[in-house]
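Please keep the sequence and the structure in view while reading.

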Amino acid sequence: MIIGGGENKDHLGFDSVLEYDIENDSIVYLPSLPHKLKYTTAVRSGNYMYVFGGWIDLVVTNRVLRISLDNLDSNSTTWEELTPMSEA
């Protein structure tokens, strides 16, 4: 399970992303998102994780981000910004 973004009463968004291994009850931090996001939608397709839309601070965004899930521990994998959605 991969978890990212979010908010609490002190922060309008987070850029942290982590992978939770249910079987081993362990957490691994993945590369941070390029923006502090909340209310996003994420999906895995093949060896990529995609993040769609959400909010940056108090503004709705139509940004689309993706990261390759190959070689995550190499420190060379980063989020890339794709063509934005036509509507947020």
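Is Leu58 buried or exposed? In this predicted model, Leu58 counts as exposed because its relative accessibility is 61%, and a residue is called exposed when that value is over 50%.

## Leu58 and the nonpolar patch

Leu58 lies in the loop that links strand E7 (55–56) with strand E8 (59–60). Together with Leu12, Tyr39, Trp55 and Val60, Leu58 forms a nonpolar patch on the surface, and the accessible area of these residues together is about 510 Å².

## The three-stranded sheet

Strands E4, E7 and E8 make up an open sheet, in the order E4-E7-E8 and with antiparallel pairing. Strand E4 (37–38) and strand E8 are the edges, each having a single partner strand, so one side of each has no neighbour in the sheet.

Between E4 and E7, which run antiparallel, there are two bridges. Within this pairing, Lys38 is found opposite Trp55 of E7, and Trp55 is also one of the residues in the nonpolar patch.

Gly54 belongs to the loop between strand E6 (48–52) and E7. Gly54 is buried, because its relative accessible area is 10%, where the limit for this class is under 20%.

When residues up to four places away in sequence are not counted, Gly54 touches Lys38, Tyr39, Thr40, Val59, Val60 and Thr61. Gly54 and Leu37 are separated by 17 residues in sequence, while their C-alpha atoms are 6.4 Å apart in space.

How values were computed. Residues numbered from 1 in each chain as written. Predicted model: local features only at pLDDT ≥ 70, side-chain atom pairs only at ≥ 80, totals over all residues. Heavy atoms only, no water. Patch = residues over 30% accessible without salt bridge, like charges linked within 9 Å, V, L, I, M, F, W, Y side chains within 5 Å. Areas by Shrake-Rupley, 256 points an atom, 1.4 Å probe, with all protein chains shown as cover. Salt bridge = Lys/Arg side-chain N within 4 Å of Asp/Glu carboxyl O. Helix = DSSP H or I, 4+ residues; strand = E, 2+ residues; numbered from the N terminus. Buried < 20%, exposed > 50% of the residue type's maximum accessible area, 1.4 Å probe, protein only. Pairing = 2+ DSSP bridges. Contact = heavy atoms within 4.5 Å.
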